[in-house]
Amino acid sequence: MIPFGQYAPDQPILGSEFASIAKNVVPVTARSYGPLNDLAVFSSALTARCQGAIAGKDTTGAVHQFAGDATKLYKISSSSWSDVSGAAYNISPEEFWEFIQFGLYIIATNVNNPVQSYLLGTSATFADLSTGAPQAKHIAKVDPGFVMLGNTLAASNRVHWGAIEDPTSWPTLGTAAAAAAQSDSRDLQSGGAVQRIIGAVGGSDGMVFMETAVYRADYVGSPAVFNFHEIERGRGVDAPQSIVNVGPYALYLGVDGFMKTDGAVAVSIGHQRVDETFLADVDNDYINRVVGCLDPVSKLVFWIYPSTATGVGVCDKVIIYNHVLDRWSHAELSTEYIYPALSASYTLENLDAISGSLDALSPSLDHQAWAGGRGSFGVFDTTHKLSFFTGSPLAATIETGEFDSANQRILVQGVRPLVNGGTITSAVGYRDTPQGTPTFTTATSAGSDGVCPQRIATRYAKARVSIAAGGTWTHAQGIEALYRPEGRR
């Protein structure tokens with residue numbers, strides 16, 4: 001068997017054991033890829049491109065989901081988004097709403113408007129959190145119980161936190177009330193502007209990502225409250241929304257590729273595998289539109305991003321990482337935003353708003369999306385509608401590394417794809433010299449023996465296996481190549 005190797009398009013093609021294409025699949029085991037399902041629309045549309053979203057629960061376990069666009073904040077009920085704006089907002093197309101949940105408060109910020117809050121079970125619309133809270137681009141809940149804002153109107157390198165265990169209290173800095181509440185601010189002296197704040201990474205209480213630095217934040221109590229220790233200097237983050245909490249780590253797109261930090265050191269997870277290919281493909285004019293998200297069940301991290309092919313900032317690609325297997329794949333899919341969603345529960349009466357036929361529901365009635373409270377990727381498509389990866393499998397393509405026969409020319413007579421289902425075709429990429437570019441034969445379908453027949457004489461060969469959209473399959477492992485040295489019978 002020739003396995004489908006790790007997706008590592010940065011590796012040289014000659015004699016490679018790696019896959020240069022693993023499209024519209026996800027790494028499911030150390031030796032196989034599985035299907036990536038298409039998006040299935042779940043909700044009505046926002047009035048404009050989604051620029052942020054959050055899912056949370058109240059004390060009864062009921063799910064509440066919110067989203068924002070350039071001018072409004074929304075809350076979903078069943079499948080419909082309702083405007084719950086507390087004011088007329090004005091957010092730049094290249095900025096995002098950032099949300100956190102603190103107790104029963106949903107708190108949202110963007111630098112152009114006062115920080116907004118919504119109290120679950122009480123509020124009908126958002127309202128200003130506090131007159132003392134500064135307008136800021138970034139927000140996080142930082143241990144042991146602070147709301148921390150960063151990149152404020154007053155100073156782009158500033159972090160400012162309110163009272164401990166009270167998200168609505170922002171006393172005037174420097175006063176006795178602020179000291180008693182442990183509320184303070186800090187201007188970080190190297191690294192440029194604050195790009196994102198997150199909580200609980202490794203042993204740290206929080207982390208602050210800058211343009212050219214990364215800090216860990218450690219709670220020390222009064223009077224300093226927090227110590228900020230620079231763990232990365234000269235290397236930071238260009239894509240603030242790429243940062244994802246993953247267990248004790250944070251994964252993110254750094255200035256030179258994909259990184260992982262435990263709060264003490266930062267290491268590459270994409271070097272010599274995907275970084276070079278990704279950085280050449282992403283549209284740097286819209287690098288800030290890269291958004292990352294974790295699905296804790298599948299152990300997958302998705303980063304949606306705009307490629308240079310669109311030229312207008314539409315996120316048309318996805319790069320996928322299984323953080324347990326340390327394996328990558330990629331997809332072609334147009335989206336606006338991705339976030340860790342929670343499914344709302346539905347009665348049979350509620351489902352009338354989704355479909356007039358129970359048999360026509362997508363996903364099917366027994367899918368976890370209808371049960372309520374289950375975590376999964378929530379994706380806004382390019383029509384501004386919330387969708388889930390619950391459609392039929394997308395058309396997939398995977399390539400093997402090159403195979404040869406000890407510097408002899410070979411005659412490739414067929415390829416048997418080791419895929420446990422679906423409608424499959426295969427082509428052979430061939431070339432005679434290391435300087436050549438592979439040319440692919442016409443793809444052929446698998447016969448009754450599972451072999452896709454071919455007949456091509458060459459020195460170097462690799463297989464490209466395609467699995468049609470909509471089929472039922474779970475594992476693609478590799479191929480059996482039918483070949484022999486040329487000239488023998």
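Start by selecting K141 and F102: K141 lies over the face of F102, 5.3 Å from the ring centre. A charge counts as over a ring if NZ of Lys or CZ of Arg is within 6 Å of the ring centre and within 35 degrees of the ring normal. Next select K260 and Y249, where K260 sits over the face of Y249 at 4.5 Å from the ring centre.

This is a predicted model, in which local features need pLDDT of at least 70 and side-chain atom pairs count only at pLDDT 80 or more, while totals for chains, interfaces and linings use all residues. Residues are numbered from 1 along each chain as its sequence is written, and side-chain values use heavy atoms, with hydrogens and water left out.

Now turn to ring pairs. A search of the whole structure finds 27 aromatic pairs. Rings of Phe, Tyr and Trp (its six-membered ring) pair if their centres lie within 6.5 Å; planes under 30 degrees apart count as stacked, over 60 as edge-to-face and the rest as tilted.

Select F226 and F228: the ring centres are 6.2 Å apart and the planes stand at 45 degrees, so the pair is tilted. F226 is buried, with a relative accessible area of 0%, and F228 is buried at 16%. Buried means under 20% relative accessible area, exposed over 50%, and partly exposed in between (1.4 Å probe, protein chains only).

Move to F258 and W328, a tilted aromatic pair with 5.2 Å centre to centre and 50 degrees between the planes. The pair links distant parts of the chain, with F258 in strand β24 (residues 257–261) and W328 in strand β29 (residues 327–335), 70 residues apart. Strands are DSSP runs (E, at least two residues), numbered from the N terminus. F258 and W328 are both buried.

Notes
Helix = DSSP H or I, 4+ residues; strand = E, 2+ residues; numbered from the N terminus.
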